[in-house]
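This report sets out the fold of one protein chain. Please consult the sequence and the coordinates alongside the text.

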Amino acid sequence: MNETVLRDGLLVTARAMAASGLNKGTAGNASVRCAGGLLITPSGRPYEDCRPEDMALMTMDGSWQGPFSPSSEWRIHRDILAARPEAGAVLHAHSPFATALACHRRGIPAFHYMIARFGGDTVRCADYALFGSQALSDAALLAMLDRKACLLANHGLLVAGRDLDEALALAIELEELCEQYWRTCQLGTPVLLSPDEMAAVGEKFSSYGQQ
């Protein structure tokens, strides 16, 4: 895709984060891979007030161009896109139920088969580190090893998708699973699926839906 299309898509995705309940105000951020680097949402700007040209254009060395500085979490976005060639977009949100679990530093176990959508039988919670820091990016990369998502301790959720549409869909699905897990825990400790059962789900997912 050309840069204009990617800028339009990134702004649409950023606005959809609020519309879907993933974020409020200026919380959260998103990025998309482009030629020579990435486009990322600007820091501290309400997305309803942004234009496509306000999306910051970054190179992998951290330099950027645009009318506004990039999101303070640009290191996470840059490092995931650098480490994961299959990923085309990254999304970070402070959604209510994911953040509630993250503030307890709890990952999500195999209480539901849809956990397998994220690449394994758990969604891990990354260790806490200061927002915007390289330490946070390093912790996120470790938690996302062989995964499409993780929680960030005392912070929120993080997903990586093949494109913006998948990243948004994954974030919405993860927040839904976080809510389901939270509600399930109100009844006591949930019954977890076994590793063999989750492996069977993962195998089925490999040929599920439209290929």
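## Basis of the values

The model is predicted: local features need pLDDT of at least 70, side-chain atom pairs count only at pLDDT 80 or more, and totals for chains, interfaces and linings use all residues. Residues are numbered from 1 along each chain as its sequence is written, and side-chain values use heavy atoms, with hydrogens and water left out.

## Overall form

The protein has 6 helices and 8 strands; these are DSSP runs, with helices being H or I of at least four residues and strands E of at least two, numbered from the N terminus. Read from the N terminus, the order of elements is α-β-β-β-β-α-β-α-β-α-β-β-α-α.

The radius of gyration, taken over C-alpha atoms, is compared with a globule rule of 2.2 Å times the number of residues to the power 0.38. For 211 residues a compact globule would come near 17 Å, and the protein agrees because its own value is 17 Å. The C-alpha trace spans about 50 × 35 × 30 Å along the principal axes.

Of the 211 residues, 49% count as buried; buried means under 20% relative accessible area, exposed over 50%, and partly exposed in between, with a 1.4 Å probe and protein chains only. The accessible surface comes to about 10200 Å², and 54% of that belongs to carbon and sulfur atoms. These areas come from the Shrake-Rupley method with a 1.4 Å probe; for residues, only the protein chains shown count as cover. Among contacts (heavy atoms within 4.5 Å) with a separation of 6 or more, residues 24 or more positions apart account for 65%.

## The sheet

Strands of a sheet pair through backbone hydrogen bonds, either parallel or antiparallel. Here 8 strands form an open sheet with mixed pairing, in the order β4-β3-β2-β1-β5-β8-β7-β6. β4 (64–65) and β6 (125–126) are the edge strands; each has a single partner strand, so one side of each is left without a neighbour in the sheet. Two strands count as paired if DSSP finds at least two bridges between them.

Strands β1 (residues 29–34) and β2 (residues 37–40) run antiparallel and are joined by 4 bridges. Their hairpin has 2 residues between the strands, and Gly36 takes a positive phi near 85° there. β2 also pairs with β3 in the antiparallel sense, over 4 bridges. Bridge partners in this region include the following.

| Residue | Bridge partner |
|---|---|
| Val32 | Leu39 in β2 |
| Cys34 | Gly37 in β2 |
| Leu38 | Met58 in β3 |

## Helices on the sheet

Which strands does helix α3 lie across? Helix α3 (residues 96–103) lies across β6, β7 (149–152) and β8 (156–161), at about 60° to β7. Helix α4 (residues 134–143) lies across β6, β7 and β8, and runs at about 140° to β7. The axes are lines fitted to C-alpha atoms, for helices over the stretch in contact, and angles run from 0 to 180 degrees between N-to-C directions.

In α3, Phe97, Ala98, Thr99, Leu101 and Ala102 are buried. The buried residues of α3 pack against β6, β7, β8 and α5 (164–185). Just after α3, Arg105 has a positive phi of about 55°.

## Selected residues

Ser95 sits in the loop between β5 (89–93) and α3, and it counts as buried because its relative accessibility is 0%. The side chain of Ser95 makes a polar contact with that of Glu175 at 2.7 Å; such a contact is a pair of N or O atoms within 3.5 Å, where within protein one must be able to donate a hydrogen and the other to accept it, and residues adjacent in sequence count only if both atoms are side-chain atoms. Neighbours within four places in sequence aside, Ser95 is in contact with Leu22, Leu157 and Glu175.

Asp54 belongs to the loop between β2 and β3 (56–59) and is buried, with a relative accessible area of 1%. The side chain of Asp54 reaches the backbone nitrogen of Arg51 at 2.8 Å. Not counting residues up to four places away in sequence, Asp54 touches Pro42, Asp49, Pro67 and Phe68.

Ala16 lies in helix α1 (residues 3–19) and, at 22% relative accessibility, counts as partly exposed. Ala16 and Ala126 are 110 residues apart in sequence and 25 Å apart in space, C-alpha to C-alpha.
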